[in-house]
Amino acid sequence: EVIKAVQSWAQAWGSKDVKGYLGHYARDFKTPKGEPRAEWEKDRTARITAPKEIDVGIASPRVSRTSDTAATVTFRQAYRSDRLNVSSTKTLVMVKSNGRWLIQQERVGG
C-alpha cells in the first residue's frame with residue numbers, strides 16, 4: 001500500500017501531472033528549506049513543467065512502519081530529464097490520511 005503510493009507519486013511526477021504530484025503531499029508537509037508551502041509548490045511546478053520529458057525510477061524500496069498511520073520509505077531514485085540526470089537515495093516519511101498514504105517529509109541521502 002505504501003509502495004503503491006510512492007509509485008503513484010513517481011508516475012505523476014514522470015507524466016508531468018503537477019496537480020497529481022502535489023496531491024501526494026500531506027497538508028502538514030515539512031518543506032525542505034522551511035519555506036512557505038505556496039512558495040515550495042510554485043518552485044516544484046516550475047521544475048516539473050520546464051523539462052520536455054521526465055523519467056523517475058524507484059528501485060529497492062524498503063518500508064518501515066512506525067504505526068498504523070505512519071511509515072518511512074527509503075529507495076534509490078533515478079531521475080532523468082533533458083536537463084538533469086541524477087541518482088540518489090531518498091527517504092519519504094509518510095502518513096495515512098483519509099485512507100491515503102501521503103508524504104509528510106522527504107530527505108535526499110542516507
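User: How do you know that E2 and E3 pair, and in which sense do they run?

Analyst: This is a predicted model, and the answer comes from its computed bridges. Two strands count as paired if at least two bridges are found between them. E2 and E3 pair over 11 bridges, in the antiparallel sense. Therefore 11 is set against a cut-off of two, and the pairing holds.

User: How do you know that the span of helix H1 agrees with its number of residues?

Analyst: H1 covers residues 2-14, which is 13 residues. At 1.5 Å a residue, H1 should span 18 Å. The end C-alpha atoms of H1 are 18 Å apart, so the two values agree.

User: Which residues of H1 are called buried, and why?

Analyst: Buried means under 20% relative accessible area. The buried residues of H1 are Val2, Ala5, Val6, Trp9, Ala10, Ala12 and Trp13. They cover an arc of only 160° around the axis, so they sit on the same side of H1. The background is simple: an α-helix has 3.6 residues a turn, so residues three or four places apart point the same way.

User: What lies on the other side of H1?

Analyst: Lys4 and Gln11 are there, and they are exposed. Exposed means over 50% relative accessible area.

User: What do the buried residues of H1 pack against?

Analyst: They pack against two helices, H2 (18-22) and H3 (37-49). They also pack against strands E1 (54-67), E2 (70-81), E3 (85-97) and E4 (100-108). Contact here means heavy atoms within 4.5 Å.

User: Which residue just after H1 takes a positive phi?

Analyst: Lys16 does, with a phi of about 60°.

User: What makes up the lining of the largest pocket?

Analyst: The lining has 22 residues. Trp13, Asp43, Arg44, Arg47 and Lys90 lie nearest the centre of the pocket. H3, E2, E3 and E4 each give two or more residues to the lining. The largest share, five residues, comes from H3. The space in this pocket is about 550 Å³.

Key: Residues numbered from 1 in each chain as written. Predicted model: local features only at pLDDT ≥ 70, side-chain atom pairs only at ≥ 80, totals over all residues. Heavy atoms only, no water. Helix = DSSP H or I, 4+ residues; strand = E, 2+ residues; numbered from the N terminus. Expected span 1.5 Å × (residues − 1). Buried < 20%, exposed > 50% of the residue type's maximum accessible area, 1.4 Å probe, protein only. Arc of directions from axis to C-beta. 1 Å grid on protein atoms, 1.4 Å probe; cavity = no way out; pocket = protein on both sides within 12 Å on 5 of 7 lines; lining within 4 Å. Points joined across faces, edges and corners; volume = space filled by probe spheres on them.
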